[in-house]
Amino acid sequence: MQMDKPSSRVDSPFLFRYYGSIRLRLVEVVALDCIFCKIAQGSIPSNKIFENDKVVAFYDIQPAAPVHALIIPRKHIESMNDVQEEDWEDIAEIHRVAQKLAKDLGVAETGYRLVNNCGKDSGQVVFHFHFHLLGGSKLGPANSQE
Ligand code: 5GP
Ligand code: ZN
């Protein structure tokens with residue numbers, strides 16, 4: 001999408017940015033440049049495993065286990081800290097899809113881990129809320145510390 005450079009207006013310096021006559025909330029401006037939003041929209045490629053109106057699942061580009069999928073809400077939410085009351089249905093849906101994918105990807109019986117990284121100490125790199133679904137071999141300790 002081609003857009004004008006944003007301009008500021010005195011009446012809403014923090015919450016909004018204006019692109020010509022288009023007003024976007026800051027969260028929407030951030031989403032325009034978010035790699036996982038682009039994957040969800042299909043504007044950059046990924047190996048998608050599943051999608052519906054609420055969530056998208058695709059393989060991690062740098063797998064840390066034989067099975068390593070990422071499950072994300074379509075909505076741009078930066079982290080667990082930013083989940084709003086109206087988002088819990090989407091987060092529940094992520095868990096429903098994780099259970100289904102664990103079966104489909106053959107790790108339901110052998111075991112798997114569902115991981116969410118939140119913030120600096122967790123090592124979160126992509127600030128679009130996501131769960132990692134990891135399995136397919138014996139995993140290391142979940143509570144490791146550097
Ligand atoms: P985090 O540390 O934020 O919880 O994990 C982000 C994950 O996203 C990493 O495991 C990383 O390999 C994965 N990732 C980053 N960029 C891309 C991408 O463009 N495509 C895919 N499929 N995975 C990505
Ligand atoms: Zn996003």
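Predicted model: local features only at pLDDT ≥ 70, side-chain atom pairs only at ≥ 80, totals over all residues.

Modeller: Gladly. A residue counts as buried if 20 or more other C-beta atoms lie within 10 Å of its own, as exposed if 12 or fewer do, and as partly exposed in between, with C-beta atoms placed from the backbone. Residues are numbered from 1 along each chain as its sequence is written, and chains are lettered from A and ligands numbered from 1 in the order in which they are written.

Colleague: What pattern does the protein chain follow along the sequence?

Modeller: Helices (H or I, at least four residues) and strands (E, at least two) are taken as DSSP runs, numbered from the N terminus. By that count the protein chain has three helices and seven strands. Read in order, they give β-β-α-α-β-β-β-α-β-β.

Colleague: What is the order of the strands in the open sheet?

Modeller: Two strands pair if DSSP finds at least two bridges between them. The open sheet has five strands in antiparallel pairing, in the order β3-β4-β5-β7-β6.

Colleague: Which are the edge strands, and what is the average twist from one strand to the next?

Modeller: Pairing on one side only marks β3 (48-51) and β6 (112-115) as the edges. From one strand to the next, the average is 15°.

Colleague: Which residue in β4 is the bridge partner of Glu51?

Modeller: β3 runs antiparallel to β4 (residues 55-59), and three bridges join them. Glu51 has as its partner there Val56.

Colleague: Where does Asp53 lie, and is it buried or exposed?

Modeller: Asp53 sits in the loop between β3 and β4. Its C-alpha atom is 9.5 Å from that of Asp90, 37 residues apart along the chain. Because Asp53 has 7 other C-beta atoms within 10 Å, it counts as exposed.

Colleague: Why is β7 described as largely enclosed by the rest of the structure?

Modeller: β7 has partners in the sheet: five bridges join it to β5, and four join it to β6. β7 is largely enclosed because, of its five residues, the number buried is four.

Colleague: Which residue in β7 does His68 stand opposite?

Modeller: His68 belongs to strand β5 and is partly exposed, with 17 C-beta neighbours inside 10 Å. Two residues are in contact if their C-beta atoms, placed from the backbone, lie within 7 Å. Leaving aside neighbours within four places in sequence, His68 is in contact with Tyr59, Asp60, Pro63, His132 and Leu134. In β7, the residue opposite His68 is Leu134.

Colleague: Which residues come nearest to ligand 1?

Modeller: A residue is near a molecule or strand if its C-beta atom, placed from the backbone, lies within 6 Å of it. Nonpolar means Ala, Val, Leu, Ile, Met, Phe, Trp, Tyr, Cys and Pro, charged means Asp, Glu, Lys and Arg, and the others, Gly among them, are polar. The shell divides into seven nonpolar, five polar and one charged. Of the 13 residues around ligand 1, the nearest are Ile61, Gln62, Asn117, Val125 and Val126.

Notes. Axes fitted to C-alpha atoms, helices over the stretch in contact; angles between N-to-C directions.
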